[in-house]
Amino acid sequence: MGIGLALISVLGLILFAYVGTAVIGLNALFAIVFPYAAFILFVIGFIYRVVKWGKSPVPYRIPTTAGQHYSSLWFKQNKIDNPSTGLGVVLRMFFEVFAFRSLFRNTKAELLQGRLYIGSSKWLWLGAIAFHYSFLVIFLRHMRFFTPETPWVISLIESFDSFLQVHILGSPLLYITNISILAALLYLLGRRIIDPKIKYISLPSDYFPLFLILGIITTGVLMRYFFKVDVTAIKELTLGLVYLKPVIPKEIGSLFYIHLFLVSILFAYFPFSKLMHMGGVFLSPTRNVANNNRMKRHVNPWEYPVKHRHYEEYEDEFREKMKKAGIPVEKE
Amino acid sequence: MRLPRPEELISDVNLNKMPSRRWMDTLPVEFKPGFYCYGAKGKNLEYVGFPNARDFHVTDEDWKLPEDWKKIVIEGIKQRIERFRTFHVFMDICVRCGACADKCHFFIGTADPKNMPVLRAELLRSVYRKYFTSGGKIFGKNGGARELDLDILKELWYYFYQCTECRRCSLFCPYGIDTAEITIIGRELLNLLGLNTDWISGPVANCYRTGNHLGIEPHTMKSTLEFMCNDIEDITGIRIEPPINKKGAEILFVTPSGDLFADPGIYNCMGYMMLFHELGLDYTWSTFASEGGNFGFFTSLEMAKRLHSKIYEEAKRLKVKWILGGECGHMWRVWHQYHDTWYGPIDFLEEPVSPITGTKFEHAKSTKIVHISEFTADLIRHGVLKFDKRRNDNLIVTFHDSCNVSRGMGMFEEPRYIIRNVCNHFYDMPDETIREQTFCCGSGSGLNAGEIMEQRMRGGFPRANAVRYVHEKFGVNMLANICAIDRAALPPLMQYWVPAVRVSGVTELVANAMIMKGEKEREMNLRMEPLPGKEE
Amino acid sequence: MYDGWKIIVGLIVFIAFVTLPFTWSTGKEYLKVEPKIDTPEIQKLPEAERKCVESKEFMRKEHMKMLIDWRDAVVRDGKTLYVNSQGKSFNMSLQNTCMQCHTNKSKFCDECHNYVGVKPYCWDCHIEPKENIKKEARL
């Protein structure tokens, strides 16, 4: 539900940026005010959310154990999926964050003629990995606009991303991530539309970031390959932001401002949305603690004493019956 | 209420067809017979001091709630958000990727979309959004937020008592969102209003008074154990005197009371006593700590703590050195992941050491509790026990991993090692249905009541389907497990789906094959059925 | 258990990462690009002929595409003449057309390319022009 609402919202944002820059000419708003505001919201909002989570303690150590546990016996422990040490947890989290290990486990259940079949299903994992890594590479590539001199790492990433040396419609070189992120986004969006289960659980806030990022990628792709923009002028703008000496070069058109505005929206929206899973994945207590409960006591800061029945009360109630049955008692 | 025949039960289940109405617009929830447990009785709630104690009938329009019930729930959510990082993070970060959707046995068996773990959580998450997030406050329904009302409360009740807290969804979630945790907290909230089930609140009250869910009083427990010993004598010719409330014993043995009551649990209980006798173990039963299971865990963590505390107290009173735990699922979840935090530090006991083999159970050095399967596997490894595996030759065995021991602890190899050493025929079910990916019996977390049978048979279907597979492929006829709820819940499940397969605890298999010193030539197994080759 | 210090360390890493552009730029000179078109070859031209193949605006945005089109036309199709929007013909050649006027690769090409972090592969095949002026160190 809500796919239309999300799409309209993003189209509205695009229109807003277009009217704001091409018609009204509030370039300063879109070039300076929104980006700064979005960045500040993003950083402060992100920290606020994480700190808020951090203020809630982890009262119990409840890892989801996904392999043989550690014990003093000879059975081989699965040190990554059921870690018993800090190092194991670091490894588990590493694979969780960088390889989406849990998602890699994904299966698909199907009912056929009254029987259940469960098969491996890695498409979601592949789509998620493709999307997140493409986004990361694109994000890092953009650092060339935000650093006075492009660091060699960024240049290296860029040359990897364009190693195919393919030109589409002339120049410049095609980035692989442009293709992969579009494919991944369309897959992620497509499954929300086609898979009845996913469609049923989807909220407007699930479609919105997809459309928003699609908008960002599309405007970026258009600028790079189709309607060329003056990159030097754009860098003057972006570098101006970084140097806190904002400038608004004249040579920049609305397409760029739409792109920049959608990115600003993404940053500003981030801390208030499900996108915070980026921070939350690190804080999930079913993954980020060691399964060493029987070895090492976990302390709950708010644990309080509870009323429970003591043996004395119990014996008082059943003493006669116990004595009759020959069960030893404390008080004769 | 009669169940449809097995081939009809899930014939209408289509996992790819969702209702036409949005899930937020499907209220009020329809309480379908066979899908919900009866409400709690006032006297049981009152006995343990639960709020709003009164007889509660689920299908009544009026749930007799306190006037400020809404405030109680919202305050309850707030308190738990501040207390549990799990709950706090899980309410915030779900991206609704749907990886969990077809992992839930109840969803697979019913195709009810609100049985998808994501939607089960979303039922509560929507309320959380309305009262605790800016997005929910501003955008309302479009922001995925709902204002709490009686229909929503009823919906929460219906679906949180349709979750067995098995954590299978949590395994597949990219962020480890654990529906069990959400259900636990959801049920805590419901219990603030006295909204419990009869099947859970009854055992809780029993357990508080007598020490065990079944309400077995001390003298009855003793005679029950003695009856079992009579049977053991008939089978082996050996007379066992079970030590009860014996001060100064080395080990306190605690098992779920289900093992004292009905078959096949009682055979497992006989097995424990035979094993300990054969070893000459210095142990004791406790009539008060006569329950390892903890139905309090299915109401609130506080109640779980109130019921479980007696175990360490009894260990202290009886001056034992350490505790040995029997075969049970959620009992081990509670012991492993909660009990030490509640009651520790356990400095009045000693680090467990097997008195027979000398093995130090260092991995239990803080809690001082050892699992019977760990204990037995160690014995077998050291060659302490002698077996005649042929006694189990009529059994073609498979092993059901219990959810709690699997995903809340990670014990997979010990029971398999034991079974392979006492049985000649063992076949595992397909990988996607065992170990960490195991399917629930469909009746965990206090759902093994008779009135919810249809939901149980549907929820147990994925498990039964895997059993049927090995039954057809390898002729499997015995479903072994290490959980008392399994021993209670799997027999009707098998009876329904795969009638040729019976259910057994692992220790029963051990005791059946174990050659005891001074035993007569055995003719019968622990179920008093002729042993293979001894049939008339 | 809060694991507060781990969260704080995590947040510090996060902040350090997202503010990297700002911290990187501190203390570094604010660059301005000024591609030079004051080569002696251009100076020598009469005022009226001091025009590139296309307009300045067009060249700024599209020169990369034009050069690739030229390459394809010459190498693949054997065409050597380019007719511009004014109807004037040019020989499609980087070395013999473009660089005849823009002899100052480092101050004309590299100035912007370095600035925006672009590395064209023109000079993988073409011979880099030997400039009279000493190459200035990159800023």
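**Exercises: a helix pair and a domain contact**

In this predicted model, helix α5 (residues 123–141) of chain A packs with helix α7 (residues 176–194) of chain A at an angle of about 140 degrees, their axes 8 Å apart.

**Exercise 1.** Classify the packing of α5(A) and α7(A), then describe the contact.

*Solution.* 
1. Take the angle: about 140 degrees.
2. Compare it with the cut-offs: over 145 counts as roughly antiparallel, and 65 to 115 as roughly perpendicular.
3. The angle therefore makes α5(A) oblique to α7(A).
4. The crossing of the two helices is left-handed.
5. List the residues. α5(A) brings Gly127(A), Ala130(A), Phe131(A), Ser134(A), Phe135(A), Val137(A) and Ile138(A). They meet Thr177(A), Ser180(A), Ile181(A), Ala183(A), Ala184(A), Leu185(A), Tyr187(A) and Leu188(A) of α7(A).
6. Sort them. Eleven are nonpolar, four are polar and none is charged.

**Exercise 2.** Describe how domain 1 of chain B touches domain 2 of chain B. Which element gives the most to the domain 1 side?

*Solution.* 
1. In chain B, domain 1 covers 6–196 and domain 2 covers 205–513.
2. Taken over C-alpha atoms, they are separated by 30 Å.
3. Count the contact. Domain 1 of chain B supplies 31 residues, and domain 2 of chain B supplies 33 residues.
4. Find the elements. On the domain 1 side, those giving two or more residues are α1 (6–9), α2 (42–47), α5 (105–110), α9 (168–172) and α10 (179–191) of chain B.
5. Pick the top contributor. α5(B) gives the most, with five residues.
6. Sort the domain 1 side by type: 16 nonpolar, ten polar and five charged.

Technical notes: Residues numbered from 1 in each chain as written. Chains lettered and ligands numbered in written order. Predicted model: local features only at pLDDT ≥ 70, side-chain atom pairs only at ≥ 80, totals over all residues. Axes fitted to C-alpha atoms, helices over the stretch in contact; angles between N-to-C directions. Helix = DSSP H or I, 4+ residues; strand = E, 2+ residues; numbered from the N terminus. Parallel < 35°, antiparallel > 145°, perpendicular 65-115°, else oblique. Left-handed = near helix turned anticlockwise from the far one by under 90°. Contact = placed C-beta atoms within 7 Å. Nonpolar A, V, L, I, M, F, W, Y, C, P; charged D, E, K, R; others polar. Domains from an automatic or database assignment.
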